[in-house]
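Here is a short report on one structure.

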Amino acid sequence: MAYTAMSGSGTNAGDDPLQTAVWRLRSRACWDDAAALLQPRTADAALQRASLLVERCLYTEQGWAAAEDALRTAEAVAQSDEERGAAACERGQLAYAATLLGVRDRADEARAALGRAAALIAPGAPGRALLDFRRGLLAENLAQSPQSARAAYRRAHAGAVAQGDPLLLSFTWRHLAGLALRDGEVAEARHGFGESLRIREELGYLVGTAPALASLADAEAEPEASRLRAEAGRLFRLLGGVPTWLARQLTPPAATA
């Protein structure tokens with residue numbers, strides 16, 4: 001099976017020691033160190049290394065060239081449709097991140113890569129849930145189509161449940177909750193954000209805990225909202241200001257005269 005950085009491999013006591021070490025570094029925002037443990041001699045290792053470096057770009061807005069190099073290696077060593085589809089899924093994510101963060105408009109590349117991945121990864125295959133989630137991200141944030149995003153997130157959510165992928169489930173909970181909050185469904189949003197935070201805390205996914213806290217704060221009333229944002233800010237500073245885009249969410253609105 002092709003690994004992806006989203007899978008959360010290494011979170012269980014019985015996992016391979018290498019995967020456990022990779023997970024611990026990754027969860028503490030040490031993507032370069034985690035990637036350095038992986039020798040891209042096989043398709044699985046090359047893909048996992050690439051996905052770690054792609055995630056680093058999304059969280060730090062840095063390391064684009066290294067991620068591109070790792071992706072080219074993963075694409076070169078891929079043999080099966082599943083491996084080629086997983087590599088295309090990572091390329092789509094990198095292009096999405098570059099577009100979302102304003103580095104360069106690569107929206108067409110992101111759509112094409114995820115479309116290629118959809119043609120290669122069969123429905124029900126292990127990588128399909130992650131692909132559905134990423135197609136939801138494109139629909140929500142680039143196409144401005146919340147209805148399409150919700151449908152994609154729900155497919156990803158069901159796939160994550162079926163595959164027992166708690167890390168991906170934490171992402172689907174959070175993004176479905178975000179759409180619910182946009183629609184004014186505060187109780188539903190609070191539940192989804194709370195589930196996302198619970199899973200991330202249980203997994204020890206430290207780099208994803210601050211965003212989960214900040215999102216839950218958006219659905220809470222005071223004084224709980226301020227407490228959650230303060231905790232998010234503490235973790236954000238602990239990790240050296242990662243993820244970079246969280247700074248805008250943690251900055252209080254400017255006082256009005």
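## The largest pocket

The largest pocket has a volume of about 770 Å³. A pocket here is an open set of points on a 1 Å grid over the protein atoms alone, where a 1.4 Å probe fits, with protein on both sides within 12 Å along at least five of seven lines. The volume is the space filled by probe spheres set on the points. This is a predicted model: local features need pLDDT of at least 70, side-chain atom pairs count only at pLDDT 80 or more, and totals for chains, interfaces and linings use all residues. Residues are numbered from 1 along each chain as its sequence is written, and side-chain values use heavy atoms, without hydrogens and water.

## Its lining

Helix 9 gives the most, seven residues. Helices are DSSP runs (H or I, at least four residues), numbered from the N terminus. By class, the lining has 16 nonpolar, seven polar and 10 charged residues. Ala, Val, Leu, Ile, Met, Phe, Trp, Tyr, Cys and Pro count as nonpolar, Asp, Glu, Lys and Arg as charged, and the others, Gly among them, as polar.

## Helices 7 and 8

Helix 7 also gives two or more residues to that lining. Helix 7 (residues 128-141) packs against helix 8 (residues 146-163) at about 160°, with axes 8 Å apart. So helix 7 is roughly antiparallel to helix 8 (angles over 145 degrees). Axes are lines fitted to C-alpha atoms over the stretch in contact, and angles run from 0 to 180 degrees between N-to-C directions.

Key:
Parallel < 35°, antiparallel > 145°, perpendicular 65-115°, else oblique. 1 Å grid on protein atoms, 1.4 Å probe; cavity = no way out; pocket = protein on both sides within 12 Å on 5 of 7 lines; lining within 4 Å.
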